[in-house]
Structures are given as C-alpha cells and as structure tokens.
Amino acid sequence: MSDDEQMYDEAMMEDEETALEIAALQSEDLLPPPKKEFINHKVALRALVDELSQKSLNWIQRCDVTSTEPIVVDKTENDLDRELKFYQQGLEAVIQAQLEVKKVGVPFSRPDDYFAEMVKSDAHMARIRQKLLDQQKGIQNSEEAKKQRELRKYGKKIEQEKLKEREDQKKASLDKIATIKKRLRSGDLGEVDDFEIDVASDDDGGNTKAKGARGKKGKDGKPMANKKRQLKNDKFGFGGKKRGLKKNTAESTSDMSGFSQKRNKSANFSAVHQRGKTKRPGKSKRQRTN
C-alpha cells in the first residue's frame, strides 16, 4: 500500500468517527433525561431515629428542654414583639431546667466563696469604665452647652425687649417735651403739670451749653468756657484752620531779617549743630575695650 492510499484510509476513518460522535450527541439531546426515583425506606429511617434517640439516657446527660407553647408572632416585622417572645420562651426553659436539676440534686448556683479569674484583665475593665465615664461626661457637657445656648438666646431676647422698651420711653419723652415746647412758644399753656414746669425751666436747651449761657460771661458778652474747656483750648487750640500754617508765603520768603552771615559762620554755631552727633569707635578699639 502506497503512502497516498494510507493517508486516504486514515482520513476516512476520522470522518467516520466524527460522524458517529455527532450522531451520539444528537441522540442524547433528543432522549429525555432519566427520572430519579425517591424511595421512602420507613423501616431504615425508624431504625436510624431509634439509634440516634437519647431517651435511654438521663436528663442530666441530655439537658434538653421543650417549651410548652410555640412562639406565635403577630407581626414578624415588629422586632420588639419578636424579641419579647424569644425572651419569654427562654425564661420558661430556664425555669423548667432548674426544676429538673433540683430533682437530680446537682448544684447549679455559684457558692458565695467561689473565686474565678476574670476573662478580661483589670486594666482592660478600667479602660472600659473610663470610656463609659467619658461618654457620660460628654453627654452631660452637650446637655449643658445646649442649656447655655438656650439661656443666651433667652437673655438676648430679654435684652432686646428692654432696649426696645427704653427706646420707646425715650421717644415718648422726647415727643412730650417737643409738644410742651411748642405750646410754650405759642403761648397756649393750658394745664401745666410738674413735668411741664421742669421742661419750661430747662427750655434753654437743658444741656451744658445752655447752663454755661446762664453762667459767667466775658467782656464781649459771650459765655466764658469752664476750666476744663480752657485747658483743652490752651493745649489743642481754638479750632479753625490747622493745615498749611507752616507754609511759606511770598512775604516770609522775602523776609531776611532773621539771617546772620556772621552767626552762621561762627565756630560755636557749627559746634552746636554737631554736638549731638557721637562717632562710633572702630572695631579694634571696641575689642580692646571689651
């Protein structure tokens, strides 16, 4: 057999194998899957249950408790109701277990002189206690700060009300004074009370200037200033123009009466101007002195 014939035979065999695989796959897809059989071996299951049962053991070895009533929760979304049912069921189970333990005679309460090492160290518990104290102190500080803020708000409100009341009183008094002065000027006195008499006596203004006007007067008939005003006038002047007082004018520039050529060239004049200047010693001299 030649090489070409051998290669042809191998190709044909491969094609046949491929065709058989495709046919097998197609047949598997067409056939329905086999049904799984469920067998209820009651005898075997009961034997296993009896083998696992602990009814032959004592209760102290089993320690199983069954509640008398099942848990019934009206609304499963209510976490509080659900947790309360769990708590009631657990409490009932604990009471039943205590009775069973007492029947057997096994002690379950810790003696008074029993000593057991704590799971957590004292340092760890001290940190926890300090953390709880800090949290409590923080809550107290927050409450105190909140109370102080409320008090400040209340105090500001009271202060604003007082200021408004004072402004209203001042405005009312000024309005009354203006009305009385107007009546006095017009000559319509009518009924005058004590307050109006005081205002009338102070009709000149009621301030320091009016009082000064009724006091001492100078030669020109103008009121004299008091001692404090005179001292301020002597120190700061009498008002008026302050800027440009030292500015030269044509007359001051042309005035040479205060110039002396002899005095300016004298040795004493130059020494006076240079008297305040002191020359700093050199570095070497300063080092020698130190």
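Salt bridges and helices

Analyst: Glu-100 and Lys-103 both sit in helix H4, three residues apart, about one turn of the helix. This is a predicted model.

User: What do the side chains of Glu-100 and Lys-103 do?

Analyst: They meet in a salt bridge, at 4.0 Å from N to O.

User: Why can side chains three places apart in a helix pair up like that?

Analyst: An α-helix has 3.6 residues a turn, so residues three or four places apart point the same way. Side chains of opposite charge can then pair when their charged atoms come close.

User: Is Lys-103 buried or exposed?

Analyst: Lys-103 is exposed, with a relative accessible area of 67%. Glu-100 is partly exposed, at 27%.

User: How many salt bridges are there in the whole structure?

Analyst: A search of the whole structure finds three. One of them joins Asp-79 and Arg-82, at 2.6 Å from N to O.

User: Where are Asp-79 and Arg-82 in helix H4?

Analyst: Helix H4 covers residues 79–104. Asp-79 and Arg-82 are three residues apart in that helix, so about one helical turn separates them. Asp-79 counts as partly exposed, at 47% relative accessibility. Arg-82 is partly exposed too, with a relative accessible area of 24%.

User: And which side chain meets Arg-62 in a salt bridge?

Analyst: That of Asp-64, at 2.8 Å from N to O. Arg-62 has 25% relative accessibility, so it counts as partly exposed. Asp-64 is partly exposed as well, at 40%.

User: What about Cys-63, where does it lie?

Analyst: Cys-63 lies in the loop between helix H3 (59–62) and H4. Its phi is positive, about 55°, although Cys-63 is not a glycine. Most residues other than glycine have a negative phi.

User: Changing topic. How much space lies in the second largest pocket?

Analyst: About 160 Å³.

User: Which residues line the second largest pocket?

Analyst: The lining is made of Thr-68, Glu-69, Pro-70, Ile-71, Val-72, Lys-85, Gln-88, Gln-89 and Glu-92. By type, the lining divides into three nonpolar, three polar and three charged residues.

User: Now the overall picture. How many helices and strands?

Analyst: The protein chain has 12 helices and zero strands. Along the sequence, the pattern reads α-α-α-α-α-α-α-α-α-α-α-α.

User: How much of the protein chain do buried residues make up?

Analyst: Buried residues make up 3% of the 290 residues. The protein chain exposes about 28,300 Å². Carbon and sulfur atoms supply 54% of that area.

User: What share of the contacts in the protein chain comes from residues 24 or more positions apart?

Analyst: They account for 21% of the contacts with a separation of 6 or more.

User: Let's look at H8. How many of its 10 residues are buried?

Analyst: One, so H8 is hardly covered by the under 20% cut-off for buried residues. H8 spans residues 227–236 and includes Gln-230.

User: What is Gln-230 in contact with, leaving aside its neighbours within four places in sequence?

Analyst: Gln-230 is in contact with Met-224 and Ala-225. Gln-230 counts as partly exposed, at 31% relative accessibility.

User: Which residue follows H8?

Analyst: Gly-237 follows H8, and its phi is positive, near 95°.

User: Quick recap of the salt bridges, please.

Analyst: The search finds three. Arg-62 pairs with Asp-64, Asp-79 with Arg-82, and Glu-100 with Lys-103.

Conventions: Residues numbered from 1 in each chain as written. Predicted model: local features only at pLDDT ≥ 70, side-chain atom pairs only at ≥ 80, totals over all residues. Heavy atoms only, no water. Buried < 20%, exposed > 50% of the residue type's maximum accessible area, 1.4 Å probe, protein only. Helix = DSSP H or I, 4+ residues; strand = E, 2+ residues; numbered from the N terminus. Contact = heavy atoms within 4.5 Å. 1 Å grid on protein atoms, 1.4 Å probe; cavity = no way out; pocket = protein on both sides within 12 Å on 5 of 7 lines; lining within 4 Å. Points joined across faces, edges and corners; volume = space filled by probe spheres on them. Nonpolar A, V, L, I, M, F, W, Y, C, P; charged D, E, K, R; others polar. Areas by Shrake-Rupley, 256 points an atom, 1.4 Å probe, with all protein chains shown as cover.
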